[in-house]
Each structure stands twice: as structure tokens, then as C-alpha cells.
Amino acid sequence: MLYGRAGEQADIERLLAEARTGQSGALVIRGQAGIGKSALLDYAAGRAEGMRVLRGVGIESEAELPFAALHLLLRTGLDRIHALPDVQATALNGALGLGDIAPENRFLVGLATLSLLSELAGDGALLCLIDDAQWFDQASVDALVFAARRLEAEGVAMIFAVRTGFPAAGLPELRLGGLDSAAAAALLPADLLPQVRERLIEESDGNPLALIELPAALSAEQRAGRLSPVGAMPVADRVQEAFQTQIAALAEPARIALLIAAADGSGELETVVGAGASLHGLESAERSRLIEIRGMIVGFRHPLIRAAVYQSAPVTQRLAVHQALADALTGSAATDAADRRVWHLAAAALGPDEDVARELEEAAERARTRSGHAAMAAAYERAAELTADPVRRSGRLAAAALAASDAGLMGRAAALADSATPEVDDPDVMAALIQVRVHREFELGTPLAAGRIIMDGVSRVVARSCEWATWLLVEAIRCAWFAGDARLAEEAAASLCALPEVDSPLVSGALGLTRLLSGDVGGGIKLMGEAVDVHALAGLGVPGLTFTASLCFPLGRAILYEEITGQAVADCRKSGMIGWLTFALQDHGLAQGWLCRYGEARAVLNAGLRLAADLGYEHRISHITCSLAWVLAHQGDVEECRANAEEGVARANAQGLVLAAAIGRWALGLLELGLGRPDAALQQLEAIPSTGIAVLSAADQVEAAIRSGRPERTKEPLARYLAWARHVRQPSSDAIALRCRALVEEDEAHFVHAVHLHEEDTQPYEQARTQLAYGEWLRRARRRADARVQLRGALEIFDRLGSELWAERARAELRATGDVPAAPRRADDPLSVLTPQERQVVRLAANGASNRDIAAQLFLSPRTVGYHLYKAFPKLGITSRAQLAAIAGSSSVLD
């Protein structure tokens with residue numbers, strides 16, 4: 001029976017009830033040791049009638065062993081791994097040490113975990129109970145939290161119990177406090193004196209475990225009321241003291257057996273006995289209810305017992321036990337025995353030990369092959385602690401820092417990098433340390449400061465490695481581009497040009513960005529054009545593709561932008577480069593929006609935003625939020641656009657992200673134009689600083705100035721846009737340039753030429769904008785019949801694209817000509833009725849992808865994919881998957 005937890009029990013009942021109906025959910029229960037988290041997990045298990053139950057528990061000594069906790073949780077369901085898509089099955093087998101091929105990345109393991117949980121739920125429901133999650137290894141945490149965040153329609157319930165730590169942003173939480181006085185009193189023995197009961201209730205702070213265990217530790221005098229008035233200790237310490245009293249009462253064989261089991265943590269009876277624990281001692285400890293032995297597994301009745309055992313032992317005894325455990329694991333056939341052995345050796349080391357440090361390096365590299373970046377960082381860090389030579393120590397610290405950065409532990413990565421000897425001469429180490437500091441500063445600080453870190457350290461790299469120096473200087477210019485800082489870009493470009501000539505499109509692109517930032521539009525466009533030449537793209541990896549793709553936007557190359565970003569997204573997914581995938585999705589979503597595929601753009605950007613949140617990429621969140629607002633502005637989604645733009649701009653301004661803020665302001669300017677508020681639009685567009693976005697948005701600034709009755713404020717933005725369009729020479733930019741001239745000069749010939757050029761273009765939104773402006777001009781000239789032709793063309797496009805604000809403007813103009821416009825329609829986009837997630841699923845299904853393939857691409861479970869199709873079919877008016885082919889054939893959004 002649970003006392004005082006009726007509300008918490010009801011929350012668990014709701015979670016289980018929803019799982020039984022096919023709806024998934026997760027819950028994180030937080031609270032101090034002994035507060036009742038484990039009891040609530042037991043309650044959930046007891047109420048899980050008809051559900052399959054998986055249980056796992058964190059073990060402190062295994063916190064650095066990658067995927068140890070995940071293996072413990074999934075061990076009874078490993079026979080179903082074969083049912084997963086091959087790439088997922090391979091990744092999960094590799095992570096759990098069941099296969100020879102290492103997983104490509106931790107997110108692929110997370111996706112495989114999600115798929116396996118869905119598979120284990122089958123046609124029923126699955127309950128996963130995870131205790132002491134704060135002691136889970138980071139790789140297991142990443143996989144499980146990844147899966148928990150993506151639960152939708154699998155019939156899976158996940159409950160995590162955790163003390164502190166355990167990042168699980170986005171998951172529902174339940175924080176346990178102490179029991180109230182009535183519930184606390186019910187847990188105490190009835191024969192205690194009133195003053196003793198009151199004292200225990202007061203000092204236990206309602207902690208159930210303390211209320212149960214502390215009375216058993218009272219002496220006869222204390223039970224009689226002689227309690228010390230000295231100040232209270234923390235509850236956890238008091239509970240440990242109670243356990244230590246029980247431990248001290250045991251015979252030495254039992255105490256030694258307990259210490260060996262506590263230091264080992266794996267629970268393997270063979271290892272514990274092999275390290276010197278006697279069976280008699282283990283039996284004695286079990287009779288004292290401190291441990292439980294089930295089959296060949298030794299487990300502590302409560303995690304605090306393990307802590308009490310270990311902390312109460314003399315340090316010499318602890319060192320000896322770790323050495324004994326290392327000896328017992330020597331030659332073991334267990335898959336993780338080598339890692340556990342070296343960690344015990346490290347725990348037994350009294351000072352620097354190069355042999356152990358070298359073995360820890362090997363353990364770190366084994367962790368790398370299993371995507372256990374946090375374990376890799378820990379192994380390298382401990383290796384560094386055991387290293388006497390300062391140069392070798394710095395190399396290991398640099399490796400630890402890079403691994404921590406890959407694991408998303410940017411604070412830890414920076415601290416490790418700061419611990420390295422600054423005088424190290426190895427260019428690989430120097431570059432690694434700079435990269436770690438830059439990455440952290442870029443994502444959590446400002447891009448300008450990140451670029452300055454490179455410039456402050458690159459001179460030492462130049463003397464030792466031109467290749468590393470080149471890459472770092474290109475990165476500095478990228479930082480300057482995001483920060484909108486021409487001086488930093490020029491400084492980095494000067495250093496780049498002083499290096500021996502490197503034949504790389506990345507260098508040309510970086511120098512082009514520098515010139516564009518400095519106001520040399522022609523020179524910048526020329527160099528960036530060379531960088532995106534099809535032949536220059538050959539052989540570029542994902543980082544190079546992503547960098548090159550970002551050049552296409554200021555080049556006005558919408559189709560190439562979409563092609564390169566599409567390739568980058570595909571390569572990221574194929575190779576498992578999830579960190580780069582956020583960049584690729586950001587640019588691919590922007591490219592889709594530029595080509596007026598707004599539904600696709602929103603789905604891609606939302607996927608990128610979700611992934612960026614998982615990774616903790618604060619800058620990427622700001623940039624994608626502003627990009628999403630820009631797409632929403634084209635659709636005229638007023639509330640969502642304004643909310644995203646204002647949030648994104650505020651975040652970007654605080655982070656020094658000039659480029660992202662510029663996109664957000666452009667979105668607000670477009671929105672105000674669509675709403676017919678040119679004054680407000682002009683205010684936003686004129687606030688855009690001198691960036692590539694200031695060039696692209698200049699056409700909207702010209703229109704806002706004209707419509708607000710301020711033609712004198714068109715001169716500068718018009719010259720800016722015309723200069724850019726003259727150099728990029730794209731049909732769309734040429735047509736828009738003519739539209740701007742027509743608005744300023746009121747010359748019909750420019751309108752006619754612009755409409756003609758748009759026929760060669762791939763951006764129907766801009767075509768409709770030009771036809772609308774031309775139709776408005778014709779109506780004011782009292783040429784109503786001619787105006788109707790242009791306005792009807794604009795309305796048809798705006799309706800098809802779902803650009804509601806602009807469509808309404810076209811309708812209003814048509815009504816003013818005496819025409820009766822048709823009702824809103826989006827005949828060419830039958831998927832407009834779907835949510836972004838449903839849209840992505842339907843698009844892939846229509847192209848022939850199976851549910852498993854779709855799940856792998858979108859980081860969902862196959863069952864959730866089926867759920868989205870089930871919801872989408874009635875909206876589309878179809879009843880089978882086969883009918884999607886007809887939609888694919890009639891809808892341009894699926895091209």
C-alpha cells in the first residue's frame with residue numbers, strides 16, 4: 001500500500017489506460033533517494049495487467065559503459081531485433097555488443113530502440129520501467145530519451161525514475177515531495193513515543209524510506225526518547241547511516257562480499273565470487289535483507305545500500321577490491337569485460353600509470369565504434385588523469401573534449417579543452433582544442449566570439465599545418481557570415497590568402513562571402529559562383545556540401561539550392577551524420593520554401609527544429625525558427641508567423657545571430673505587406689542590417705516604400721537589388737528587378753517584360769506578386785478588362801500555393817474591377833488538409849516507401865507511421881495506400 005500518493009497513482013493509471021488504447025506516453029518521476037519513486041514503479045508494474053513489462057535499473061559503476069543500461073532494459077526482447085529494418089538492427093546489435101559492425105551514430109540507435117519498443121508492444125501494450133536513471137550511461141540515456149520524445153501511436157508507456165540530472169526536456173515530469181504528516185505517521189511503528197514519532201516525522205522530511213529505516217536504527221535509549229538535539233543531517237546521509245549500522249553488524253565475510261558487489265555493480269555472481277566474495281558471506285548479507293540473489297544476479301535492495309557499503313569501507317579496502325575485480329575479469333569472454341576491467345584498474349590506481357592510461361585509450365576507441373561518445377570522453381579524461389607526460393596528457397584531454405562535444409556535452413567539452421596545456425605543438429591537438437571552443441561558443445555564445453577564438457589561435461596552427469589552418473579560417477568566415485561582421489571576415493580572408501594556394505571550392509566560397517559582406521556584390525557573386533560549379537562539387541563530403549549549399553541563397557540559385565541540400569540531407573541520413581543534419585534540414589526547408597513548396601518546407605523545418613532541440617543547438621533553433629516564420633509569411637499564417645518571427649528575432653539578437661535575425665525581420669516585413677500595412681513592413685525591412693538577406697529583401701523594401709507613399713526611400717534598396725540581379729542573372733531576379741522598376745517608374749513596359757520572364761521561372765509566388773502589382777496598376781489606369789487578366793492569374797497562383805493574405809488582396813482588386821472572384825481553392829495541393837507530419841508520411845508513402853522505410857527517414861516508429869496514414873486517408877478521401885499514386889500524379893508538391 002502506498003501512503004499519500006493518490007494523485008501520482010492516478011497519473012500512472014491514466015498513462016497505462018492510454019497505452020492500452022494505442023496511445024503512447026512517457027513520464028519522468030523526479031525526487032530524492034527514498035522518496036518513493038521505486039514504489040511508484042512497482043505500483044505501475046502491479047497495475048499493468050495485460051501489458052508486457054520491461055524493467056531496467058541504473059548502476060552507478062556502469063555509468064561510463066556505453067549502452068550497458070539499454071542492454072539491461074531490452075535483454076528480454078533482443079530476439080525481436082531481426083524484425084527491425086536492416087540498418088537499425090545492425091546499429092542496435094553493434095551498440096549492445098551483439099554484432100561486429102559499430103553503429104554509425106547514437107540517433108540511429110535511438111531510432112532502433114523506438115522501433116524495437118513498438119515491435120515488442122505488438123498488438124497490445126508495453127510498459128517500460130526505468131529506475132535510477134541518473135546512473136544510466138549517456139549513450140543509453142540518449143537512445144531512450146530519443147525514443148520517448150517520439151512516442152505517438154505505439155501503445156508504449158515509459159516511466160523514468162531519477163534523482164537529479166538526466167536531461168529529458170520535453171517529457172512530462174512528476175516531482176515527488178515528502179509525505180504529509182498523516183501519511184508519514186502511518187509508516188512509523190505504533191509503539192514509538194509521541195515525541196519520538198514527531199521528531200522522526202520532522203527530520204525525515206516525509207521521506208518514506210527514512211521513515212521505514214530510521215526507527216530500525218534507533219537504540220533502546222533513543223526509542224525511549226533520548227534523541228540528540230544536535231542539528232539534522234540531510235535525509236540521504238541519515239538513511240545511509242542507518243544502513244551502515246546494519247552493515248557494521250555483519251561478520252567480515254559478509255561485509256567483504258557486500259563491498260565487492262558494490263564496487264562491481266554488474267550484478268554478475270560469477271564475477272563477484274571470482275573477486276573473492278564467499279557464498280557464505282553473500283547468503284548472510286541476503287538474510288539481512290541488504291541484497292537479493294536471483295539466479296546468477298546479485299542486486300541491492302535499494303541503491304542507497306550500495307552507496308552506504310562502498311562509502312563506509314576504508315580506502316585501502318576499496319582499492320584492493322577494485323584490483324581483485326580487475327583480476328577476476330581478466331580473460332573473461334563477456335563483451336564488455338575489457339572495458340569493466342580497465343575501469344577497475346583505473347579505480348585501483350594511486351597515481352599516474354601509463355599502462356592503464358593506454359588501456360583506457362583503447363576502451364575509448366571501443367566506445368567510439370559503438371557511438372558511446374560520453375563513455376569515450378570519460379575514458380579519455382581518466383586516461384589523461386593517469387598520464388604524467390604533459391604533452392601526451394593534453395592530447396588525451398583534446399580527444400576527451402572532442403568526444404564530449406560529439407556527445408552534446410559542450411560545457412564539459414570546454415572544461416576539458418581548457419585543462420589541456422596551452423603550449424602543445426601538435427597541430428591535430430591544437431586544431432581539436434580550437435574546434436571544441438569554437439563549437440561551444442557558436443552554439444551557446446555568439447558567432448562573432450567564436451570567430452575571434454579562431455583568429456586568436458590560428459597563427460600557431462599556420463606554422464605547423466596549412467591544411468588545418470585553411471579549414472579553421474574558412475570556419476572563421478562562416479562565423480562572420482552568421483554574425484554579419486565584415487571586419488572579422490576580411491581579417492580571416494587576408495590570413496587565408498596569405499597561405500599557400502589551396503585549390504578548394506570552399507576557399508572560393510568563403511572569399512566570396514567576405515566580399516559580399518564588404519559590399520563587393522560583383523566580386524562576391526563571381527567567387528561564390530565558382531564554388532557552386534557542378535564540377536567543383538564532386539567529392540565534397542557533407543560538411544562541404546552544407547557550406548556550398550548556403551552559398552546558393554545569395555546567388556539566387558533556387559533549383560541548385562534544393563538539389564544540393566536534398567543531397568546533403570540524404571547523405572546525412574545515409575551516413576548517420578545527425579549533427580550536420582540540422583544544418584542540412586534548415587537549408588533544405590528554406591530551399592523548398594523558395595520554390596513555393598510550403599507544406600514540404602514547413603515539415604522539413606519542423607523536423608530540423610525538433611532535432612536541434614534534441615541536440616541542444618541553441619543557434620540552430622533560432623535560425624530555423626526565423627526560417628519557419630519566413631515560410632509562414634508566404635502562406636499568410638499570421639499568428640504562427642508572427643509568433644515564430646518575434647521569438648526567433650529576440651533569440652537571434654540576444655545571441656548575436658545577425659543572419660537569423662535578418663531572416664526573421666524579412667518574414668515580419670513580408671507578413672505586414674500581405675496584411676496591407678506597408679508602413680509597418682517598411683519599418684521591419686529597413687531594420688535588416690547589411691547582409692545577403694538585405695540584398696534579397698530589397699525588392700520587398702521597394703514595394704513597401706512605394707505603397708506607404710515614400711518613393712524617396714526606394715532609391716537605395718532599388719540600386720542594391722538591381723546590382724545584385726545584374727550579377728546573378730537569374731530569370732526570377734531579373735523579373736523581380738523589372739517589377740521594382742515598374743513600381744518606381746510607373747512604366748508598363750517593365751511590367752510586361754517582367755511577366756514574360758516569370759514564364760521561365762520556378763517561383764510562382766513571385767510571378768503572382770508581379771501579376772498582382774501589374775493588375776493593380778492597370779485598375780488604377782481604368783483598364784479594367786486588362787487588369788482582370790493579370791489579377792485572375794495572380795489569384796489562381798496564390799490560391800494554389802495557399803498564400804491566403806495575398807489571395808485576398810487579389811480578390812479585393814478583382815471585386816474593384818467589377819469581377820466576382822471564385823471562392824478560395826487549392827486544387828493543385830490536395831495535401832493542404834494534412835498536418836506537416838501527415839504530409840511527410842503521405843509524400844513518402846505515395847512514392848512507394850514502406851512504413852518501415854518511412855519510419856527510418858522521419859525518426860518515427862512504424863506503428864506511428866501507420867497511425868498517421870490512418871488519420872490522413874479520410875482527409876484525402878481515399879481508403880487505400882494504392883490510391884496515393886493518383887495523388888502523387890496530380891500534385892506538384894510530391895515532385
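Predicted model: local features only at pLDDT ≥ 70, side-chain atom pairs only at ≥ 80, totals over all residues.

**Labels and their criteria**

Colleague: Why does arginine 729 count as exposed?

Modeller: The relative accessibility of arginine 729 is 52%. Exposed means over 50% relative accessible area, buried under 20%, and partly exposed in between, with a 1.4 Å probe and protein chains only. The value lies over the exposed limit, so arginine 729 counts as exposed.

Colleague: What makes the phi of arginine 729 worth noting, and where does the residue lie?

Modeller: Most residues other than glycine have a negative phi. Arginine 729 has a phi near 50°, a positive value in a residue other than glycine. Arginine 729 lies in the loop between helix H39 (715-728) and helix H40 (731-745). Helices are DSSP runs of H or I with at least four residues, strands are runs of E with at least two, and numbering starts at the N terminus.

Colleague: Where is glutamate 746 found, and why does it count as exposed?

Modeller: Glutamate 746 is in the loop between H40 and helix H41 (748-758). Its relative accessibility is 55%, so glutamate 746 counts as exposed. The phi of glutamate 746 is likewise positive, near 50°.

Colleague: Is glutamate 766 buried or exposed, and how do you know?

Modeller: Glutamate 766 has a relative accessible area of 13%, under the limit for burial, so it is buried. Glutamate 766 belongs to helix H42 and touches Ser732, Ile736, Arg739 and His758, not counting residues up to four places away in sequence. Contact means heavy atoms within 4.5 Å.

Colleague: Which class do glutamine 837 and aspartate 42 fall into?

Modeller: Glutamine 837, in helix H45 (residues 836-846), has 18% relative accessibility and therefore counts as buried. Leaving out residues up to four places away in sequence, glutamine 837 touches Glu152, Arg610, Leu860 and His868. Aspartate 42, in helix H2 (residues 37-46), is at 46%, so aspartate 42 counts as partly exposed.

Colleague: Why are H42 and H43 called roughly antiparallel?

Modeller: Helix H42 (residues 764-780) and helix H43 (residues 784-801) pack at about 150°, with axes 8 Å apart. That angle makes H42 roughly antiparallel to H43. Angles over 145 degrees count as roughly antiparallel, under 35 as roughly parallel, 65 to 115 as roughly perpendicular, and the rest as oblique. Axes are lines fitted to C-alpha atoms, for helices over the stretch in contact, and angles between N-to-C directions run from 0 to 180 degrees. The contact includes Tyr765 and Leu772 of H42 and Leu791 and Phe798 of H43. By class, the contact of H42 with H43 has 12 nonpolar, 5 polar and 5 charged residues. Nonpolar covers Ala, Val, Leu, Ile, Met, Phe, Trp, Tyr, Cys and Pro, charged covers Asp, Glu, Lys and Arg, and the others, Gly among them, are polar.

Colleague: How do H43 and H44 pack, and what is their relative direction?

Modeller: H43 and H44 pack at about 155°, with axes 9 Å apart. That makes H43 roughly antiparallel to H44. Among the residues in this contact are Arg788 and Leu795 of H43 and Trp806 and Leu814 of H44. The contact of H43 with H44 divides into 8 nonpolar, no polar and 6 charged residues.

Colleague: Why are H35 and H44 described as roughly parallel?

Modeller: The axes of helix H35 (residues 658-674) and helix H44 (residues 804-816) come within 8 Å and cross at roughly 25°. H35 and H44 are therefore roughly parallel to each other. Leu670, Leu671, Leu673 and Gly674 in H35 meet Leu805, Trp806 and Arg809 in H44.

Colleague: How do you know that the radius of gyration agrees with a compact globule?

Modeller: The rule is 2.2 Å times the number of residues to the power 0.38, with the radius taken over C-alpha atoms. For 895 residues a compact globule would have a value near 29 Å, and the protein has 32 Å, which agrees. Of these 895 residues, 57% count as buried.

How values were computed. Residues numbered from 1 in each chain as written. Heavy atoms only, no water.
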